[in-house]
Each structure stands twice: as C-alpha cells, then as structure tokens.
Amino acid sequence: SQETPLSFLKSEWAIQNCELPPFLPLSEFSRLAERVAGVQPLHVGGLLRYLHHHNVVRYFHGEPSTPDSLVYLGLPWLLEKVCQLLSCTLKPLPSDCPVDVLKDIRILKDHGVLTTRLADYLWNEGHM
C-alpha cells in the first residue's frame, strides 16, 4: 500500500474547509494546489485522481475544443446543475431550436453524454 503525500492531504483539507468557488479552470486549480499545499505541477494529475477517487472533486477531461478543463470543487453545486440540465431537456424547447442542439439532446438522453455545444446553448440561452 502506498502512502498518501502530505501535500495531497493538505489540498483535500483546504478544499473541504476553505471558501472556494464551485469550479476552477485546471490552470487555476494547479496554481491553488501549489500555493496552498506545495503540489508541484508534475503531481497535479495524481492529486486530481486522488481527490476524484475520494469524492472531494470531480474532474472530467474536456473535449478537444475545451481550452482548459474544469475542476469541480462544489459537488452539491454540480449535482444541482446536472438536475437543472436534465429538467431543461425535458421541457419543450423553442421552435427555432437549432437542429444540432436537438441532436445533442438525443445524445444526452440516449448515451448520457453532454456535448459542449448543448451545455453552451442551455447556459447561454437562459434555459438553466
């Protein structure tokens, strides 16, 4: 069994006990981990896997078009947004809804995959 680095434990404590936004771009999360716990950039991937495995954060590698993946620190916030998203896809959308968005809703319902295009549409068009 491997020992958990102290810097990982410090990071976990900070996320659970400090006032932080519900999500951060990966680059900001990396700077925060280095500043708060001394996590070197080389070890941020391991830290994210550790925190994700222990349900402290959720980190999903972004789609190739995403310039900077997000690290979700506020799990209740994330769950609330997922619920809002799912309820949005059950409501009737405007008649002028783009065909690509309708295809993305079908992908979400059939496969559980949220495309960046659908997330942007729901967020930016005021559906969430």
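This is a predicted model: local features need pLDDT of at least 70, side-chain atom pairs count only at pLDDT 80 or more; totals for chains, interfaces and linings use all residues.

Residues are numbered from 1 along each chain as its sequence is written, and side-chain values use heavy atoms, with hydrogens and water left out.

**Exercise 1.** Find where Ser-11 sits and decide whether Ser-11 is buried or exposed.

*Solution.* Start with the element: Ser-11 belongs to helix α1, residues 6-17. Helices (H or I, at least four residues) and strands (E, at least two) are DSSP runs, numbered from the N terminus. Next, take the relative accessibility, where buried means under 20%, exposed over 50%, and partly exposed in between (1.4 Å probe, protein chains only). Ser-11 has 5%, so Ser-11 is buried. Finally, look for neighbours in contact (heavy atoms within 4.5 Å). Beyond four places in sequence, Ser-11 touches Ala-33, Ala-37, Val-39 and Leu-47.

**Exercise 2.** Work out the strand order of the sheet and say which strands stand at the edges.

*Solution.* Strands pair if DSSP finds at least two bridges between them. The three strands form an open sheet in the order β1-β3-β2, with antiparallel pairing. β1 (23-25) and β2 each have a single partner strand, so these two stand at the edges, with one side of each left without a neighbour in the sheet. Now zoom in: β1 and β3 are joined by three bridges, and Phe-23 has Tyr-72 in β3 as its bridge partner.

**Exercise 3.** Find the aromatic pairs and classify their geometry.

*Solution.* Rings of Phe, Tyr and Trp (its six-membered ring) pair if their centres lie within 6.5 Å; planes under 30 degrees apart are stacked, over 60 edge-to-face, and the rest tilted. The whole structure holds two such pairs. For Phe-8 and Tyr-50, the centres are 5.8 Å apart and the planes stand at 45°, so this pair is tilted. Phe-8 lies in helix α1 and Tyr-50 in helix α3 (residues 44-53), 42 residues apart. Both Phe-8 and Tyr-50 are buried. Phe-23 and Tyr-72 make a tilted pair too, with 6.1 Å centre to centre and 55° between the planes.

**Exercise 4.** How many disulfides does the structure have, and how accessible is Cys-97?

*Solution.* Look for cysteine sulfur atoms within 2.5 Å of each other, which is what defines a disulfide. The search finds zero. Cys-97, at 8% relative accessibility, is buried, while Cys-18, at 37%, is partly exposed.
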